[in-house]
Amino acid sequence: MKRVRLLVLNAALGALDYKLATGIAVEAGSVVIAPLGPRTVIGVVWDEGRLPGTEVDASKLRALREVVSVPPISAPLRRLIEWTAEYYCAPLASVARMVLSSGGALGGPTTTTEYRLVEGAVPERMTPQRETAIDLLKGEQGILRELAEISGVSTGVLRGLVNQGVIEPVTVAIDRPYPAANADFHQPALSDDQMRVARTLVKAVEKRAFEPFLLDGVTGSGKTETYFEPVAEALRMGRQVLVLLPEIALTENFLTRFEQRFGAAPVQWHSSLKSSERRRAWRAISEGSAQVIVGARSALFLPYANLGLIVVDEAHEISFKQDDGVRYNARDVSVMRARFEKVPVVLASATPALESLHMANSGTYTKLELPSRFGGAQLPKIKLIDLTLHKPGAGRWLAQPLVEGIEVRLEAGEQSLLFLNRRGYAPLTLCRNCGHRFQCPNCSAWLVEHRLSRRLSCHHCGLEGPVPESCPECGEADCLVACGPGVERIADEVGELFPDARVEVATSDTLGSPERAAEFIAKAEAKAIDVIVGTQLVTKGFHFPELTLVGVVDADLGLEGGDLRAAERTYQQVAQVAGRAGRGSKPGEVLIQTRHPEAAVIAALADGDRDGFYEAETEARRDAGAPPFGRWAAIILSSEDEREVRDSATRMGHSRPQLDDVMILGPAPAPMALLRNRYRYRFLINARRSANLQAVLRDWLDVQDFPPGMRVGVDVDPYSFV
Ligand code: ADP
Ligand code: ZN
């Protein structure tokens, strides 16, 4: 009898031993189904001796049920699972779940039924709804629910049309292959700088060895076209490429450019994929037939059969950090994956994370630079508007110089972009009569008014409700006042100042899906928008040649609060949004509104002194023992019972490790002391490089005895400090 140890996909169970029934053959990495009590569980056969667990007597072992017909999880990926769990203090099973993220891929049917119009067919009786459906469904194919969404009629109406033979079912293989990308479909002429960088990267792909690169290129330098060359080389070698993007909203732009370059679309991976698409992608990736995969951070854990290159675009973006479950940073894990897979990895950015820049400057990463914009476009001129001198009027947020800037662009038929990192109309609503402030009952947060959807909403727990007519506290009618601006309010202000201007709000509320993002891009490119008012969503990736003015409504916003990376993030956001201006033939201008023109980060932005900023910030980090010189971690305890969490945190505080190279702050109520109805207490841990941070955390947590309702979140290298 042979005994195998499984990593089962259940964090509470971890490792379990089974025996092999005769006729079943497995190897390390095999995905298997095993009996567990009256049910079954999915597991991965693990390498002998690498998973701790209790030895069960051979007579008690149950036999594996079956081996799932997918390729075994490769050794490099198994090592990545182990590393990620270890580094982020997460259960192995939770990391393995991210690998086996398509339940459908592990079984289930191989075909599905989709529907499409039968050309020329008409129903016996035409109704307005049927007419709309027939009109809107030309050229479409999908399951009924999707067709209902496209046409805006109910699935009932569509079913009627199916019965009448106007819409027909088609059987499609879920696992049909993806169209092939052609490495030489359309190669653009590269600039000398691009060529130099591309050659280095192509060579690295040919070498089939681990090498990390920082591609540090100014906004508009053509980083995408440049890293497409090593992508092409990987294609020629028959190897797979993973391109990570920070936001789905950016995918659209990438897809277009990819298709122009390679003649076919890449395979996408993100949270809004249908389950049949997930299955198709997962299987093609694991079999090696998917060539180039573009995705959000979760694509990092897919079971690539034959990976040849990883690219992380906009690598400084904080959305690469996952803030729940396994709290990993896809930028850092991608470097580890490349190391285990023995392939090059490219971190591309115009405003690299300080940690990445430090690695490049110290020679750990190879630094590749694109110092100027492609095609001779100039970087924009940046000017500060001192809000203490140019005060906007009451209830206004745009100072006169910025208003004039917009006016000039409107007259010239050019576009402006106003950046404010606040969704909705106003961040705070209060009652003029009694001073009541609208607060979320579940979170330590104000409710944000959204005028477009006429709701008050909590940006933390998603609670939403209509804006009341009268104050719930004092009952006074029509007494609510909006305090402070959000993007919608800025859009209103522009509309009042320039009634003829076509203003568009661009946030995750308005550009939430790939389709809506595509619509927005098409509109902006067709010059059907004069002024874009947007959040951080519009700071990166977009390339609108007619956009010549960028206005930063409140550069000080990001500097408030106790975030360790506030200065760096402000620098990155403003530099990125500034990078949207003047990308075409017309020069761009950036106007930054601030109350603190003397603040180091603001002054550096105005002077275009990137090196100066990074140097100063590096010194500040060194003094504070912050990354990359020291490390931070956070532990958040949360419970629905405030007393319980306070007591647990206090008890845990008493057992804190006493070490020279580890400083532990707390416990204290977290800045978000209440989140989704859970009370939260926080420890912040600052460790010198000499400390083994993970071991310290694990040893400390292992001896705690938490009550059942307690949740313990460990965040290594935290980005969010709420
Ligand atoms: P970045 O990502 O570095 O900000 P982009 O990759 O968006 O810059 O490039 C800026 C613009 O220049 C894009 O419209 C891109 O298509 C164009 N571009 C870059 N390199 C080339 C090239 N070699 N040939 C033609 N167009 C290019
Ligand atoms: Zn809330």
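Q: Where is Pro 667 found?
A: Pro 667 is in strand 27, which covers residues 662–675. Strands are DSSP runs of E with at least two residues, helices are runs of H or I with at least four, and both are numbered from the N terminus. The model is predicted, so local features need pLDDT of at least 70 and side-chain atom pairs count only at pLDDT 80 or more, while totals for chains, interfaces and linings use all residues. Residues are numbered from 1 along each chain as its sequence is written, chains are lettered from A and ligands numbered from 1 in the order in which they are written, and side-chain values use heavy atoms, leaving out hydrogens and water.

Q: What is the omega of the peptide bond from Gly 666 to Pro 667?
A: Omega is near 5 degrees there, and the bond is cis. Most peptide bonds are trans. The bond from Pro 627 to Pro 628 is also cis, with omega near 5 degrees, and Pro 628 sits in the loop between helix 17 and strand 26.

Q: What is the phi of Arg 208?
A: Arg 208 is not a glycine, yet its phi is positive, at about 55 degrees. Most residues other than glycine have a negative phi. Arg 208 belongs to the loop between helix 6 and strand 8.

Q: Why is Arg 208 called partly exposed?
A: Its relative accessibility is 45%. Buried means under 20% relative accessible area and exposed over 50%, with partly exposed in between (1.4 Å probe, protein chains only). Arg 208 therefore counts as partly exposed.

Q: What makes the contact between Glu 617 and Arg 621 a salt bridge?
A: Their N to O distance is 3.6 Å. A salt bridge needs a side-chain nitrogen of Lys or Arg within 4 Å of a carboxyl oxygen of Asp or Glu, so the pair qualifies. Glu 617 and Arg 621 are four residues apart in helix 17, which means about one helical turn.

Q: Are Glu 617 and Arg 621 buried or exposed?
A: Glu 617 is buried because its relative accessibility is 11%, and Arg 621 is buried because its value is 4%.

Q: Which parts of the chain does the pair of Asp 717 and Arg 631 link?
A: Asp 717 forms a salt bridge with Arg 631, with the closest N and O atoms 4.0 Å apart. The pair links distant parts of the chain, Asp 717 in the segment after strand 29 and Arg 631 in strand 26, 86 residues apart. Both residues are buried.

Q: How many salt bridges does the structure hold?
A: It holds 42 salt bridges. One network of salt bridges links Asp 47, Arg 50, Arg 78, Arg 79 and Glu 82.

Q: Why does Glu 615 count as exposed?
A: Glu 615, in helix 17, has 55% relative accessibility. Exposed means over 50%, so Glu 615 counts as exposed.
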